[in-house]
Amino acid sequence: MTSRQMVLGMQFSGGYGAEPGAWRLPGANLNSYTDMDQFVRYAQAAERGKVQLLFIADTPALDMDLTHHAPRQAIEPLLLTVLARETERIGLVTTASTTFNEPYNLARQFKALDVISHGRAGWNAVATSDPAAAANFGTEIPPRAEKYERAHEVIQIVQALWGSWQQDALLLDADNKRYADMDKIRPVNLQGRHVASRGPLAIPPSEQGQPVIFQAGGGGYGLELAGRYASGVYANPYSIDDARAQRQARRDAAERAGRDPDEVKMLAGFMPTIASSREAALERRRFLDEVVDLRRRVRYLGAMIGLPLGPDQLDEPLTAQQLAGAVPSPHDPRSARALEVAREGWTLRDVLAHGVIDYHPVVAGTAADVADHMQQWFEAGACDGFSIALDGFHDGFDAFADQVVPILQERGLFHEDYEGPTLRENLGAHEQYGLDPRLTEPARA
């Protein structure tokens, strides 16, 4: 048994699953997008599996054609307040843009969720890059440097507002008629180049003090943001070597900011399909693919491996001549895996069903197959845990909690129970209230 154990988060967005066709799966509730009872059931299944957190990714825009696909985004990320009342230990994390929100609103919303959930809230602080989202706010995406300069200002002001009550400011002294000590509730009076706030908030500390910061950005700007503020980082590597490099880069960024690198937990994206056998899992993924444009995907697959492929070959494998000439694209990290699967002799339809062009690594197989992948990555130092995007929620949450988690626990890779009542405890996050006093160097835009 290893002393180091995984942190697990379950992606939890549109209501049906990570795959576009999840809404059509047999047994799925067609109203899952708006049915809060379904979200509660999924959350309780994840909590039964001792998963540390639920995560709602969000872009404030309708970013897809709904003719055949269900929405990717939740109706509103702060539906987490519903789940806060129906769960006890699992963390509740959601995305909110630093580009199109004011710090006071962010501080108020997330601190309220933290108090309602008794210290289980987390904020995935992201700088938005989607032009459709910008259009919904009547503006355009600012230059990258400016966007991240604003992100630093927003996070710092939000954290200052979270700490605007001293932790013993709430008195509740009925005998002496003193509700709170106003000398310990102070304005923050912060003014940046892009945002400002006077404060204070009208919300006392939660059981964990304040929400936990997460981050999902890449590149140099995103690394600095994560290194300075984040306790959890979402990453999208496609190989163990890539994952190791990404994890080390985030640890280095934390160290440059004056923090302990172990404070930053990198969760690698992972898309499992869990079934009774590998063939059953592949058949499920073929069904999920029925709503996607496979003609377009097979052409894209061809570009990934350097071949002119068309839909007329969908139900045939690559020929020996094609295999001899295939070369993975150096511009797409998924290409090597795509060619590896193609060389196993699958038809192109089945190559696609293996998830070779999904946005996270895919394992379609038994619970043991899924656990094997997670163990291999974790023990190789490729991540601190996983951000799991189940193909379909209606049966996927139960399958993961009841089949995969016991295997991970038996192998000593995942905890048997929650470490405490708060997200900060269960994530192993650094204790913090208000601004982090260690971050003495000014942030670079």
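Leaving aside neighbours within four places in sequence, which residues are in contact with L54? In this predicted model, local features need pLDDT of at least 70 and side-chain atom pairs count only at pLDDT 80 or more, whereas totals for chains, interfaces and linings use all residues. Residues are numbered from 1 along each chain as its sequence is written, and side-chain values use heavy atoms, with hydrogens and water left out.

The contacts of L54, with neighbours within four places in sequence excluded, are M10, F12, A43, A46, L83, I90, G91, L92, V93 and F397; contact means heavy atoms within 4.5 Å. L54 belongs to the largest nonpolar core, which has 52 residues. A nonpolar core is a set of buried Ala, Val, Leu, Ile, Met, Phe, Trp, Tyr and Cys residues joined through side-chain atoms within 4.5 Å. Buried denotes a relative accessible area under 20%, exposed over 50%, and partly exposed the range in between (1.4 Å probe, protein chains only). The residues with the most contacts inside this core are L8, L54, L83, M374, F386, F397 and F400. Helix 14 supplies the largest share of the core, eight residues. Helices (H or I, at least four residues) and strands (E, at least two) are DSSP runs, numbered from the N terminus. Another core, of 24 residues, lies apart from the largest one and includes A125, Y148, A160 and Y229. In soluble globular proteins, nonpolar side chains tend to be buried together.

Two helix pairs were examined next. Two packed helices are described by the angle between their axes and the distance between the axes. The axes of helix 13 (residues 367-379) and helix 14 (residues 393-410) come within 9 Å and cross at roughly 50 degrees. Helix 13 is therefore oblique to helix 14. Axes are lines fitted to C-alpha atoms, for helices over the stretch in contact, and angles run from 0 to 180 degrees between N-to-C directions. Angles under 35 degrees count as roughly parallel, over 145 as roughly antiparallel, 65 to 115 as roughly perpendicular and the rest as oblique. The crossing of helix 13 and helix 14 is right-handed, a term used if the near helix is turned clockwise from the far one by less than a right angle. In this contact, A367, A368, V370, A371 and M374 of helix 13 meet F400, Q403, V404, I407 and L408 of helix 14. Nine of these residues are nonpolar, one is polar and none is charged. Ala, Val, Leu, Ile, Met, Phe, Trp, Tyr, Cys and Pro count as nonpolar, Asp, Glu, Lys and Arg as charged, and the others, Gly among them, as polar.

For helix 3 (residues 103-116) and helix 5 (residues 144-162), the axes come within 9 Å and cross at roughly 50 degrees, so these helices are oblique to each other. Helix 3 also passes helix 5 in a right-handed crossing. P103, Y104, L106, A107, F110 and K111 of helix 3 are in contact with V154, I157, V158, L161 and W162 of helix 5. By class, this contact has 10 nonpolar residues, no polar residue and one charged residue.

Several individual residues complete the description. The peptide bond from G199 to P200 is cis, with omega near 0 degrees. K50, in the loop between helix 1 (36-48) and strand 2 (53-56), has a positive phi near 65 degrees and is partly exposed at 23% relative accessibility. L172, in strand 5 (residues 170-173), has a positive phi of about 50 degrees and is exposed at 55% relative accessibility.
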